Each structure stands twice: as C-alpha cells, then as structure tokens.
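Here are some friendly notes to read alongside the model. Please keep the 3D view open as you go through the points.

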Amino acid sequence: DAVAAFTPPPAARCSSISSRQRHYSTYNTDYYSEETSTLINIDEEAPRDIPSMEQWSYEMGAQRTDGFTLTSDDGGYNVYAMTTVHLPTGSPMLTIPEHMILSSNKAMAELRTSDMSEAEKIIKSVNADSEFRQYYLMLKLLVEYEKGESSPWYPWLNSLPRYYTNAASMTPFCCLCLPSLMRKLTVQERGYLQRLGVSSIKLVPYLNDDTKYDVDLCTWVYQIVYTRSFESPDGDLKIVPLADMFNHGAYPEVESSYDEAGNYYAYTAYDVPAGTPLRMSYGDPTNPSFLFARYGFLDESTEATFCKIIPEHISKEMEELGYAHNRMIFYKDGTVSEEVWDILLFQHVSSTKIGDKRALMEAHRTGDYATKQMLHEKYYEYTSAALLEHIESFLEQLDKLSTKAGDRQRDLGDHPRLPLILAHNEFVKNAFLTVRMQNFGY
C-alpha cells in the first residue's frame with residue numbers, strides 16, 4: 001500500500017512515534033512555558049539547519065517515499081526537493097500529518113482575541129482586510145519565534161532561508177531599475193509588507209516589545225508567509241513543512257491534496273525520472289514578473305511572457321477581447337498571441353473607425369472569424385506599426401534601466417539584488433528581440 005512505500009530520511013532513528021511528536025500534535029500555545037531558550041538567528045548569512053528539520057519531520061509523523069531528498073546547488077541558500085529514483089505517475093511522495101501544518105484558520109482561532117481590535121483597526125484603515133489570513137499566520141510565526149527551542153516548530157523555522165531576493169527585500173534604488181510592470185508589482189508587494197508590518201504588529205498584546213519593534217524580524221515572518229503559504233481547496237491558507245521545499249515548475253511534477261482530516265498528500269503528476277527536481281506550481285508560468293516579485297526567482301523555462309502593453313484605461317470591451325496578463329503574451333519562439341493583435345486593433349479603430357470597432361466586437365462575440373480576420377488585414381499596417389513602436393520603446397527603456405543598475409553594481413553590499421534584476425531585464429529584452437526578429441526581420 002502507499003504507506004509501505006515510504007521511508008524515513010537517512011538520519012532518522014527507527015522508532016515509533018516519540019513523546020516529542022505527541023507533544024507537538026497540539027496547536028495550543030498554552031502547553032509551553034513562558035520561558036524561552038535560544039532564539040533563531042535571522043541574519044541573512046545564518047546557515048539553514050536542514051538535517052535537524054528532517055529528523056524533526058520524521059518524529060512528527062511525516063512520511064516520504066524512497067528517493068525523496070533535499071538538496072542544494074548553491075551551498076544551502078536554495079534547498080529543494082528532488083527524487084533519486086524513478087517515480088511512476090501517481091506515486092505517493094510525501095504525507096504530512098495535519099498537526100504539523102500551519103494554518104490561517106487555526107492561527108485566527110488561537111490568536112484573534114478580543115484585545116486584537118486595535119491592531120485590526122490599523123489593518124482595516126489601510127484597506128488590507130483581504131490580508132487577515134496572512135497577518136495571523138505572521139503573528140503565529142512570531143509567537144513561535146519567541147518560544148525559541150520550546151516551540152514545536154523550532155527545527156522547521158531554523159531550516160528556513162533568511163536571505164530573499166523578491167520585491168519585499170529590494171532597496172528603493174533596486175525598484176528604480178525595474179521596468180514598469182515589475183516596478184508596479186514591487187510597489188504592491190512592498191505595500192503589503194508595510195501594511196502588515198510593525199505599524200500594526202506593535203499593537204498586538206501578546207508579543208513582547210523586542211519582537212513588535214524588530215523590523216527585520218517582522219519582514220522575515222512576512223517573507224515566510226508570502227513565499228511558503230498556499231490556499232487549500234477549502235479557502236484556508238496553509239504552510240506545509242517539508243512540502244514547502246517544492247520549488248516552482250512550469251510543468252510541475254507534484255500534485256497536492258488534503259483528506260477530510262486535513263492531512264496533506266503529494267503525488268507525482270506524471271512519470272518522473274531519477275535525478276529530477278520535484279516541483280509544484282506557484283502561479284501562472286506566463287507571468288514571470290509576478291513570480292520574481294513575490295518569490296524572488298527568474299523562471300527562464302516559461303514558454304511565454306506578458307507583452308507589457310499596459311493601457312492607461314482597460315475597458316470592459318478590452319477585457320472581453322482577452323486583455324489579461326496571462327493572455328497578452330509573447331511566446332518564446334517570437335509568436336504574438338491573438339489577444340495582443342485584438343487589443344492593438346481595438347485601440348486603433350476606437351480612435352478612428354467607430355463602425356469597425358462595433359464590427360470587431362460583434363465578430364468577437366459571435367465567433368465570426370472571417371470578419372475579424374478581414375479587419376486585422378485591413379488595419380495591419382497600423383497595428384503592426386503600433387506593435388513595433390511598443391517593442392522599440394520598451395527595449396530602449398530596458399537598456400536605460402540596465403545601464404542604471406550596471407553603474408551601481410560596485411555597490412552590491414548596499415544593493416545585492418542588482419545582478420538578479422539585470423538578469424530579469426536581460427530575459428525580458430531577449431523575449432522582445434525574438435518577437436521583433438520573428439515579425440519584423442531584425
């Protein structure tokens with residue numbers, strides 16, 4: 001059966017469920033004493049203790065298939081799951097018991113007390129009500145951090161990264177080196193951090209002052225929640241230890257599910273050869289800018305990227321034609337999506353030929369491909385010129401931004417994310433150059 005296929009990590013002792021696991025199965029903070037022991041070092045250069053976390057996960061009841069391993073290609077900054085054996089489609093890879101999982105529902109049930117009203121007023125005053133799940137997960141992590149080694153999640157917390165390269169970690173100068181969409185996403189991500197940070201956390205009654213006013217600590221727990229939590233089918237926001245080591249993939253090897261008791265299961269989505277990373281999806285693979293802003297990595301495996309056409313006003317008709325970041329795309333081979341051409345055509349006829357605008361919308365709504373194609377051919381001179389102008393102006397913008405970033409690379413101590421920003425800009429530039437070559441021959 002599935003359980004028989006699972007084995008403990010190499011360092012794990014062959015023993016039954018320990019007394020430590022029985023203690024950890026509670027989510028109640030009252031179990032532990034107020035005395036704290038060694039606090040986690042959150043300095044960016046602090047090492048990640050992966051072996052202790054693996055041992056802890058085994059003692060907690062996590063089960064993993066033979067061949068499931070954690071590895072790193074960069075000395076331990078990025079640690080990810082992979083398989084050392086071939087795994088057929090549908091193979092169970094990982095089971096995490098419910099009591100190991102951090103959940104926004106459980107955090108709110110535990111920590112959303114009557115004396116939290118002042119802190120919540122701050123959240124509501126900045127229109128961040130939609131982030132309450134993330135906020136209470138952050139508070140849960142801070143509560144556990146304060147317990148030091150007495151926390152049931154201490155080994156897991158001590159295995160997490162301290163250094164991040166996403167939008168929330170960037171300096172103001174880094175933001176100035178980003179193209180328009182990425183800069184917009186960065187401002188949005190940093191806004192979440194500002195709204196959920198010290199300004200509201202300082203009013204939480206059950207945290208000590210050293211915690212409340214520690215900006216670096218509040219930023220660290222923010223990073224954990226926003227990069228390691230995912231919504232379950234019931235709308236709960238969950239962080240699943242060990243499963244949070246699955247990296248992102250455009251074609252994920254991992255499928256996840258929960259049973260009625262809240263236990264987590266990971267299975268292979270298809271045949272996975274030995275030596276393959278085990279990945280899940282963090283979001284739309286055609287929007288690498290969002291993945292960079294939220295998670296801090298550049299997904300160069302994506303087959304397409306958003307075209308970066310951002311009108312000042314997006315009408316309902318434009319949305320009807322397909323204006324969306326995951327549909328307005330440039331493909332890796334230089335192909336331009338149908339939606340890009342439709343929006344360029346709509347923009348042109350909206351300002352010049354109202355009758356043809358009506359004809360375009362009617363043809364789109366009725367599936368009249370012939371009329372739509374006729375309109376595209378009629379105005380191709382103008383839509384192709386608009387596309388080329390967009391490509392040229394964006395390439396010029398990228399060159400200026402990359403020059404600005406390059407000039408400051410000597411200041412990497414102050415702006416260590418600049419090399420990744422330069423790589424992002426170069427990736428986008430190459431996509432635009434490919435489209436220009438494919439469509440305009442140079």
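1. Which backbone nitrogen does a side-chain oxygen of S103 reach at the start of α3? That nitrogen belongs to N105, and the oxygen comes to within 3.1 Å of it. Please bear in mind that this is a predicted model.

2. Staying with α3, the helix covers residues 104-111 and is mostly covered, with six of its eight residues buried. Those buried residues are S104, K106, A107, M108, E110 and L111. Among the elements that cover them are β6 (102-103), α5 (132-146) and β8 (237-239).

3. For the overall picture, the protein has 18 helices and 15 strands. Its radius of gyration is 25 Å, close to the 22 Å that the globule rule gives for 442 residues, so the protein is as compact as a globular protein of that length. Along the principal axes, the C-alpha atoms fill a box of roughly 75 × 50 × 45 Å.

4. Of the 442 residues, 52% are buried. Among contacts with a separation of 6 or more, 73% are between residues 24 or more positions apart. The accessible surface is about 20,100 Å², and carbon and sulfur atoms account for 50% of that.

5. Do have a look at R48, in the loop between α1 (19-24) and α2 (50-59). R48 is buried yet has no salt bridge, and D244, the nearest side chain of opposite charge, lies 6.9 Å away. The R48 side chain does reach the backbone oxygen of S159, at 2.7 Å. Leaving aside residues up to four places away in sequence, R48 touches several others, including Y77, N158, L160, R228 and M245.

6. Now to the salt bridges, of which the whole structure has 22. One of them joins the side chains of E120 and R112, at 2.6 Å from N to O. E120 is buried, with a relative accessible area of 9%, while R112 is partly exposed at 37%.

7. Another salt bridge pairs E231 with R133, with their closest N and O atoms 2.7 Å apart. This pair links distant parts of the chain, since E231 is in strand β7 (residues 230-231) and R133 in helix α5, 98 residues apart. E231 counts as exposed at 53% relative accessibility, and R133 as partly exposed at 23%.

8. K372 and D342 also form a salt bridge, their closest N and O atoms being 2.9 Å apart. Here K372 in helix α16 (residues 369-378) is linked to D342 in helix α14 (residues 338-352), 30 residues apart. Both K372 and D342 are buried.

Conventions. Residues numbered from 1 in each chain as written. Predicted model: local features only at pLDDT ≥ 70, side-chain atom pairs only at ≥ 80, totals over all residues. Heavy atoms only, no water. Helix = DSSP H or I, 4+ residues; strand = E, 2+ residues; numbered from the N terminus. Buried < 20%, exposed > 50% of the residue type's maximum accessible area, 1.4 Å probe, protein only. Lys, Arg positive; Asp, Glu negative; His and termini not counted. Salt bridge = Lys/Arg side-chain N within 4 Å of Asp/Glu carboxyl O. Polar contact = N/O pair within 3.5 Å; in protein donor to acceptor, adjacent residues only side chain to side chain. Contact = heavy atoms within 4.5 Å. Rg over C-alpha atoms; globule rule 2.2 N^0.38 Å. Areas by Shrake-Rupley, 256 points an atom, 1.4 Å probe, with all protein chains shown as cover.
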